[in-house]
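Welcome! Please keep the structure open as you read.

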Amino acid sequence: MEYLYTELLLFFMLYSFIGWASEVVIMSVSKCKFCNRGFLNMPLCPKYGVMAVLLLLVLPTVGEKLSFRNLMTQYIITLVVTSVVDFVASDMTHRLLHRWLSQYERDTLFGGELNGITVALAKSAVILVIVKLLHPFILTFTRLLPLWFWRVALILLGLLALDMISVIYAGKMRQRRKARERKRKKRENKFGTEGRRMEIVKAISGENLGNRLCNAVWKRLERAYPGMGEWEDIRSGKYVFAKGLCLNKLLWIFIFWAFIGDLFEMVLVAGVTGVWMSRTSVIYGTFSIVWGIGAVIITIVTQNLASRENCFVFFSGAVLWGVYEYTCSVISEFVFGRTFWDYSDMMFNIGGRTNLLFCLFGGVLSVLWVKSLYPLISGLIEKIPPAIGIVATWAVMVVMIADLLLSGAVLSRYVNRQEGEEAQNVLEEFIDANYSDEYVESIWPSMREPGSGTPIWQQETEQ
């Protein structure tokens with residue numbers, strides 16, 4: 001089923017509300033009182049919106065025919081998507097608030113606990129039923145809405161962004177307050193009596209707007225998650241660059257695997273087809289974004305599996321990589337109207353978007369990464385001098401974001417040129433003048449229109 005960007009935005013908001021309402025009902029019934037379990041102040045839980053959008057894009061591509069194979073494939077996709085989104089959302093809240101709100105990552109396919117896997121299986125079944133049965137009614141309802149209602153969705157999206165900023169701000173303020181409190185305890189003798197110390201604490205947490213916002217958000221979170229515990233600050237003591245599984249380290253893991261993955265694909269394709277071709281995802285540089293993002297997701301999701309048996313890590317990695325590769329293919333087709341790989345000629349493929357061989361390879365790679373390679377590379381990253389590491393991280397991040405934005409603009413303009421659209425502004429004129437069709441096709445030679453048959457490089461070879 002085809003959707004517009006505006007429809008997906010509205011679905012994101014609706015399912016975010018449905019997910020929030022479901023959690024509120026479940027927790028309120030279990031505690032016999034109203035309990036706002038949302039991470040945000042608004043009655044929205046964005047992780048359910050993300051789950052819904054991904055599933056609405058991916059599930060229809062499996063096939064609408066009601067068969068056991070299609071249903072099992074859709075169920076496995078739902079199980080992996082919900083588990084990954086739950087895991088990543090839980091990890092993000094820990095990093096933003098430095099608190100363990102609720103151990104959502106335990107109740108996933110990759111939590112490493114039998115009870116958690118059982119919960120994940122049941123939750124995924126419920127979500128799949130909701131998407132299959134409830135969504136047709138939601139789709140009909142949304143397409144009957146007047147045009148002005150779509151502006152309301154945009155306003156809600158802006159409020160959602162502000163809400164997220166307020167919660168992040170509250171977390172940062174709380175951390176600063178805790179840091180000041182620790183410093184104050186070290187100098188307590190200089191401040192005199194306990195009463196004097198309490199006066200200072202009261203002065204710091206006064207009634208200005210920032211502190212009122214922080215206190216309000218924090219009290220709500222404490223009511224919603226009474227058992228939340230403080231997250232140990234790994235940055236205490238001597239500063240070590242990218243210590244632990246932090247954002248700096250994840251960025252360098254992304255860069256490392258984006259580069260290695262691109263080279264690996266070049267060699268693999270050359271060995272199979274006898275043709276050396278570009279496998280990069282960006283205009284400038286030898287980087288595969290699919291490999292980079294996949295490595296980051298696997299690193300986050302499998303961080304708790306290092307102590308588990310190799311077979312468990314292998315199975316988790318194989319399933320995760322297969323669903324991830326399938327999802328990337330669907331999203332690239334939705335965004336750019338092009339596919340960048342097709343495994344239709346290989347045995348045991350799923351819609352030409354992934355196949356059993358690469359899933360097994362993803363499982364093997366996950367075992368090697370979790371058990372051996374990650375500890376080694378993590379140690380090497382942490383040995384980088386802090387000053388050099390911070391400057392290099394920001395420089396690489398800025399350059400990579402610019403490269404990604406330019407690559408996306410060039411590819412979008414290429415697709416529009418193929419459809420006969422003229423340049424509409426200065427940026428499009430610049431792209432037309434500097435990035436011709438031939439240049440774009442040399443960067444992405446495996447690109448093709450969905451269902452068009454042979455990729456560009458093969459068409460050129462035949463000619």
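A disulfide is a pair of cysteine sulfur atoms within 2.5 Å. By that rule, the structure holds zero disulfides.

A word on the basis of this report: this is a predicted model, in which local features need pLDDT of at least 70, side-chain atom pairs count only at pLDDT 80 or more, and totals for chains, interfaces and linings use all residues. Residues are numbered from 1 along each chain as its sequence is written, and side-chain values use heavy atoms, with hydrogens and water left out.

**The whole protein**

The secondary structure comes to 16 helices and four strands. These are DSSP runs numbered from the N terminus, with helices being H or I of at least four residues and strands being E of at least two. Of the 463 residues, 46% are buried. Here buried means under 20% relative accessible area, exposed means over 50%, and partly exposed lies in between (1.4 Å probe, protein chains only). Taking contacts (heavy atoms within 4.5 Å) with a separation of 6 or more, 72% join residues 24 or more positions apart.

**Helix 12**

Helix 12 covers residues 356-382 and bends by about 55° at tryptophan 369. The bend is the angle between axes fitted to the seven residues ending at a residue and the seven starting there.

What do the buried residues of helix 12 pack against? Their partners are helix 9 (247-273), helix 10 (289-301), helix 11 (310-336) and strand 4 (354-355). Among these buried residues are Phe358, Gly362, Ser366, Trp369 and Tyr374.

**The cavity**

A cavity is a set of points, on a 1 Å grid over the protein atoms alone, where a 1.4 Å probe fits but cannot get out; lining residues have an atom within 4 Å of a point. Grid points are joined across faces, edges and corners, and a volume is the space filled by probe spheres set on the points. The count comes to one cavity of 30 Å³ or more, and the largest cavity has a volume of about 120 Å³. Its lining includes Trp257, Trp291, Trp321, Phe361 and Trp369. Helix 10 and helix 12 are the elements that give two or more residues to this lining. Helix 12 gives the most, with five residues.

| Residue | Relative accessible area | Class |
|---|---|---|
| Glutamine 74 | 2% | buried |
| Alanine 242 | 2% | buried |
| Cysteine 311 | 58% | exposed |
| Cysteine 328 | 18% | buried |
| Phenylalanine 348 | 59% | exposed |

Alanine 242 has a positive phi of about 55° although it is not a glycine. Look for alanine 242 in the loop between strand 2 (229-230) and helix 9. Phenylalanine 348 also has a positive phi of about 55°, again without being a glycine. Its place is the loop between helix 11 and strand 3 (349-350).

Where is glutamine 74? Glutamine 74 is in helix 3 (residues 68-97). Apart from its neighbours within four places in sequence, glutamine 74 is in contact with Leu59, Val62, Gly63, Leu128 and Lys132.

Methods
On a 1 Å grid over the protein atoms alone, a cavity is a set of points where a 1.4 Å probe fits but cannot get out, and a pocket is an open set with protein on both sides within 12 Å along at least five of seven lines; lining residues have an atom within 4 Å of a point.
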